[in-house]
Amino acid sequence: MMRPIRGFYVVKILMFLYCLCMNGFVFIVVLLYYLSSSRILDAEEIRNILYIPEEFKGFISFLLDMWFGSTVILYNSIWISFIGYYSFVCHFMKLILNEFASYSQMLIKKREYQAILEVYHKITQVMIFADNFLSFSALANLIGVMTSLFWAVYSLVFFTNGDYLSYLRYLHGVVHVLTFLLMIMLPATAANVAAKVAKGIVLTLPGSFPEEYKKLKMYVQKNFKHQELEFTLWKIYTIDKSLLISEIGTVITYGILVGTLGTVQNSLDNNVKSFNAGNNHNCTCTY
């Protein structure tokens, strides 16, 4: 039997702190919106819309406030629940695989290869089931997080309008969403690294038992050599550090492109306005 996994109670405390901190993040984001000038500007835009009756404008502003708060709370509730669950599943799998790696060394000295293969087989079943169950949801949540990260960074650069609270809200949003991204990627990457180490131990197991080399070699190659033991994004991408760097690079690249297009569009609009103003002035002088 494997020893009880160390750090279990520490992880339980971390789970509680995670839920507390992330819900606190959501509360602060909503509060900063209601205190910032963005809410006032949104209300002014509604009041300036001519085709909305005056008696409904206050109600629409109220609906906008409710929509913002409920949307932020809804999306973050989904992310907090799933990403927290996914992160801790990956973390526990890493703990189990690391414990297996140290446990197998002890069993090799005791010449008990059957126990190593039995435990490893059970671990592979659990990890494969977890990836089959969670890989699509992980991809869907990652796409949502990446989209939100892009929008938060873009808003931080272009939509703060010199307002300190708006700047703080968007910066808070960037940190919040980036935390979600790292909580998906880093634990899964660590679990995949631990899985490679565990698989390497099993694949080299025949060399530790020369008297059973032929039988062990055939068994290991048949059952484990071509087995994919890793956390993936819907079986499309294997989660690793290079994928995390690629994702961050994609956000930065598209952010620069969209920001450049927005700057060019604003310049064109200003040129058109200046041209129209010049034409109106010339027409006035002619008359």
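Helices α5 and α7 run roughly antiparallel to each other, since their angle is over 145 degrees. The axes of α5 and α7 (residues 213-225) are 10 Å apart and pack at an angle of about 155 degrees. Here axes are lines fitted to C-alpha atoms, for helices over the stretch in contact, and angles between N-to-C directions run from 0 to 180 degrees. On the α5 side the contact uses Lys-199, Val-202 and Leu-203, and on the α7 side Val-220, Phe-224 and Lys-225, where contact means heavy atoms within 4.5 Å. By class, the contact of α5 with α7 has 4 nonpolar, no polar and 2 charged residues. For these classes, Ala, Val, Leu, Ile, Met, Phe, Trp, Tyr, Cys and Pro count as nonpolar, Asp, Glu, Lys and Arg as charged, and the others, Gly among them, as polar.

A word on the model itself. It is a predicted one, with local features needing pLDDT of at least 70 and side-chain atom pairs counting only at pLDDT 80 or more, while totals for chains, interfaces and linings use all residues. Residues are numbered from 1 along each chain as its sequence is written, and side-chain values use heavy atoms, with hydrogens and water left out.

Taken as a whole, the protein has 8 helices and 2 strands, in the order α-α-α-α-α-α-α-β-β-α from the N terminus. These elements are DSSP runs numbered from the N terminus: helices are H or I with at least four residues, strands E with at least two. Of the 287 residues, 38% count as buried, meaning under 20% relative accessible area, with exposed being over 50% and partly exposed in between (1.4 Å probe, protein chains only). Among contacts between residues at least 6 apart in sequence, 80% join residues at least 24 apart.

An unreviewed UniProt entry lists residues 13-35, 133-154 and 174-195 under "transmembrane region"; its positions use the numbering used here, feature names are shortened, and annotations may be inferred rather than shown by experiment. In the model, residues 13-35 are 100% helix and 0% strand, with the end C-alpha atoms 33 Å apart. Residues 133-154 are likewise 100% helix and 0% strand, and their end C-alpha atoms lie 33 Å apart.

Helix α5 (residues 164-203) also packs on α3 (residues 54-109), where the axes come within 8 Å and cross at roughly 25 degrees. That makes α3 and α5 roughly parallel to each other, the angle being under 35 degrees. The crossing is left-handed, which is to say that the near helix is turned anticlockwise from the far one by less than a right angle, clockwise being right-handed. The contact of α3 with α5 involves 21 nonpolar, 7 polar and 2 charged residues.

On to α2 (residues 37-47), whose axis comes within 9 Å of that of α3, crossing at roughly 145 degrees. This crossing is right-handed. Arg-39, Asp-42, Ala-43, Ile-46 and Arg-47 of α2 meet Lys-57, Ile-60, Ser-61, Leu-64 and Asp-65 of α3. That contact divides into 4 nonpolar, 1 polar and 5 charged residues.

A few single residues are worth a look. Ser-155 sits in helix α4 (residues 113-158) and counts as buried at 0% relative accessibility. Arg-111, in the loop between α3 and α4, has a positive phi of about 65 degrees although it is not a glycine. Lys-235, in the loop between β1 (232-233) and β2 (237-238), also has a positive phi, near 60 degrees.

How values were computed:
Angles under 35 degrees count as roughly parallel, over 145 as roughly antiparallel, 65 to 115 as roughly perpendicular and the rest as oblique.
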